[in-house]
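Take a look at the structure below. The text then leads through it in short steps.

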Amino acid sequence: MELSGAEILIKCLQAEKVEYVFGYPGGAVLFIYDELFKQNKVKHVLVRHEQGATHAADGYSRSSRKVGVALVTSGPGVTNAVTGIATAYMDSIPMVIITGQVPTHAIGLDAFQECDAIGITRPCVKHNFLVKDVKDLALTMKKAFYLATTGRPGPVLVDIPKDVTTDKCKFEYPETVSMRSYNPVVKGHPGQIKKAAQLLLEAKRPMVYAGGGVILSDASPQLTKLVKMLGFPCTNTLMGLGGFPATDKHFVGMLGMHGTYEANMAMQNCDVLVAIGARFDDRVIGDPAHFGQVPRKIIHIDIDPSSISKRVKVDVPIVGHVLDVLDDLISLIEAGKQRPEPKALNAWWEQIKLWRTKDCLRYDRKSKIIKPQYVLEKLYEITRGDAFITSDVGQHQMWAAQFYKFDKPRRWINSGGLGTMGFGLPAAMGVQLANPGASVVCVTGEASFQMCIQELSTCKQYRLPIKVVNLNNRYMGMVRQWQQFFHGNRYSESYMDALPDFVKLAESYGHVGISIEKPADVEPALKEAFKRTDELVFLDFITDQTENVYPMVGGGKGLTEMILAEEL
Amino acid sequence: MRHIISILLENEAGALSRVSGLFSARGYNIESLTVAPTEDESMSRMTIVTSGSEDVIEQITKQLNKLVEVVKVVDLFEAPHIERELMLIKVRAGPKDRDDLKRMSDIFRGRIIDVSEDTYTIELTGTGQKLDAFIEALGKTAILETARTGACGIARGQRVLRI
Ligand SMILES: Cc1cc2nc3c(=O)[nH]c(=O)nc-3n(C[C@H](O)[C@H](O)[C@H](O)COP(=O)(O)OP(=O)(O)OC[C@H]3O[C@@H](n4cnc5c(N)ncnc54)[C@H](O)[C@@H]3O)c2cc1C
Ligand SMILES: Cc1ncc(C[n+]2csc(CCOP(=O)(O)OP(=O)(O)O)c2C)c(N)n1
Ligand SMILES: [Mg+2]
């Protein structure tokens, strides 16, 4: 029996066990929507803007380790989706984006709602395909899911012209797929792993620096085991939070631009550094020349060879899947008798404890105005550290990263690489759908929230009981902070004027809104919100406008050249 | 330093733009780029002449390898290799210049492949430097038009680039 392209597409999604498609209809995808209508295995979530569809699919994926799927129409549907695709690309999130395209015979003729989806998205996808013949559709879908999830994960886009959705052919979904031009390495080189083990065991001042690769490869148990077994200090990047339990004594906090004093000092004073699924980002190492001054040995485990020695030269590169490499490394160390020398390690820990006494995240607890840090501490307490936290971009994002102690992976969902304001709410929708019944919180700022505010409507339609924690400082706080530090207090265009009444706004969408102005009301309001287990509650915390994120490593500065709260 | 990178890639629409897009997006130099299908029609071979520090060249080869349609990448500069470029050059060839031009072309092992009343078209292959030298020798005033292919290259001896 022959099936139409649209039928085939739905069959492919079913074969991939896709639970949700986040999308928005339009002319080029009408036949696909028609087929969606006729079945109920693949559920469609109607967003209010295509950016929301891609972020929701992204949040769904990050919190569930499944592939996020988005479906949008040609032209403006695609261009609206680009921000979400680029966001997923920068953070290596496995997604499949299906885009409608004008019919094959109209391509290139400036047809109505035509845009070169392949060309526009080429720099921000792992790969993309234009399906010109319905006979290629099933194999292309198989390849798309395969590419998205293997190697270094990432978004893959499949562009389907309208006539391909009506053309017919026999359907057969391939069981497996192999591509001669694509063979990601999984196992690390045994010789390199041996070298790494030796370096680690001989280290006097070791440091473990673990990133998003640990989360993406579900290797938290391995990382935790290795760190505890060796007794080493461990730091996480913004993308790696939850990869190692934050309440464990070996954890020294996040590192980087807004990392802890102890983490950054340890990075710059260690003699052996092992980077695990982390890419030496500029927000993490500061000025590369300053970072490179230190004569330490660096081991780097990453599945993507191009991440290795890109910004920082390393001594022992290991290309492979974090999970497999850590398994091998652990077995090798366990099999041998050698253990790190306790004396040196103790001295190193003494040093780290000394750095910890700086208490670099301290803030004014007696303030009469709500401090954002306080809200997050209370949020952590009330959710017992067990919520899924999504965030937008800005100061609130950094405070969430610093003050919510993530003990589990895939609980901290944020846009690190692209830093996309507007990510938080739609991502939370995906998270909530992937984790029904779980507490899902979107920590946001009044500026970021307005960038995808329309999704409040989607939340109502699908009854998503997300808790929105708006740290409302009436400023693009992160921008204001830079202007205060580096632009002579000239707050150019960073004041958020003419803000809506968020309580009324939430109510108008059929949600609950609460405004909180006094520190004493923070805890009761949060408790009240979590009592309402089946409603979205928007908590508008009116916070201190002048609060800054500390520590801070200024742009182009060395990692240890931190601005601390006390210095101002 | 100058490098010649040879790439085998899937002979698919769009593969070329992925490679050229990579170079522009990451700010790598391209001195020349040539591409044509190989004896196995499902694959193309591309030769890119680029320049950069060792670190940059390392990133270029890694980034190229990362492209899903790229099957294999070699940097020909890692071992002895042969490099050739083809040039077609049309020169002013009035009656009194003809002997000189013929002699010059012979010295450079060029071939005159088209003749008109007052032009010669000469075909010349060699390294880029040799072609440059020929252009220099002819002098700007004589030259009407040049068409160069950009370099292609192959390793010496038994080293081969294939799958
Ligand atoms: C306002 C703002 C401030 C920021 N401040 C900071 C800060 O202070 N500190 C900080 O850390 N970040 C900060 N960031 C985030 C920063 O921009 C980067 O996104 C982040 O540091 C990158 O994290 P990562 O190195 O873990 O890499 P990721 O982007 O998570 O990349 C993962 C790495 O792991 C590899 N990998 C993936 N899968 C596997 C696998 N299966 N096996 C092996 N390897 C794999 C990938 O190839 C890649 O190299 C900030 C962002 C914003 C928006
Ligand atoms: C789409 C987008 N535009 C601009 C920026 C630059 N930017 C980074 S943080 C920020 C301010 C965010 O303000 P708000 O959401 O109120 O958070 P706050 O810093 O006040 O906590 C801006 C404009 C960005 N990251 N994303
Ligand atoms: Mg703000």
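**Where the chains meet**

In this predicted model, 18 residues of chain A are in contact with 19 residues of chain B. Three residues stand out on the chain A side. A:R122, A:R180 and A:S181 supply 41% of the area that chain A buries against chain B, more than any other three residues. The area buried between chain A and chain B is about 1,500 Å². Carbon and sulfur atoms give 45% of that area.

Now turn to the pairings across the interface. Chain A and chain B share 5 salt bridges. One of the residues named above, A:R180, takes part in a salt bridge. Its side chain meets that of B:E10, with 2.8 Å from N to O. Polar contacts also cross between chain A and chain B, and the rule finds 11 such residue pairs. The side of chain A that touches chain B has 8 charged residues, 5 polar and 5 nonpolar.

Next, look at a helix of chain A. Helix α11 spans residues 261–269. Of its 9 residues, 8 are buried, so α11 of chain A is largely enclosed by the rest of the structure. The buried residues are A:Y261, A:E262, A:A263, A:N264, A:M265, A:A266, A:M267 and A:Q268.

Finally, move to chain B. B:R26 sits in the loop between α1 (15–25) and β2 (32–37) of chain B.

Methods
Residues numbered from 1 in each chain as written. Chains lettered and ligands numbered in written order. Predicted model: local features only at pLDDT ≥ 70, side-chain atom pairs only at ≥ 80, totals over all residues. Heavy atoms only, no water. Buried < 20%, exposed > 50% of the residue type's maximum accessible area, 1.4 Å probe, protein only. Helix = DSSP H or I, 4+ residues; strand = E, 2+ residues; numbered from the N terminus. Contact = heavy atoms within 4.5 Å. Buried area = accessible area lost by both parts, 1.4 Å probe. Salt bridge = Lys/Arg side-chain N within 4 Å of Asp/Glu carboxyl O. Polar contact = N/O pair within 3.5 Å; in protein donor to acceptor, adjacent residues only side chain to side chain. Nonpolar A, V, L, I, M, F, W, Y, C, P; charged D, E, K, R; others polar.
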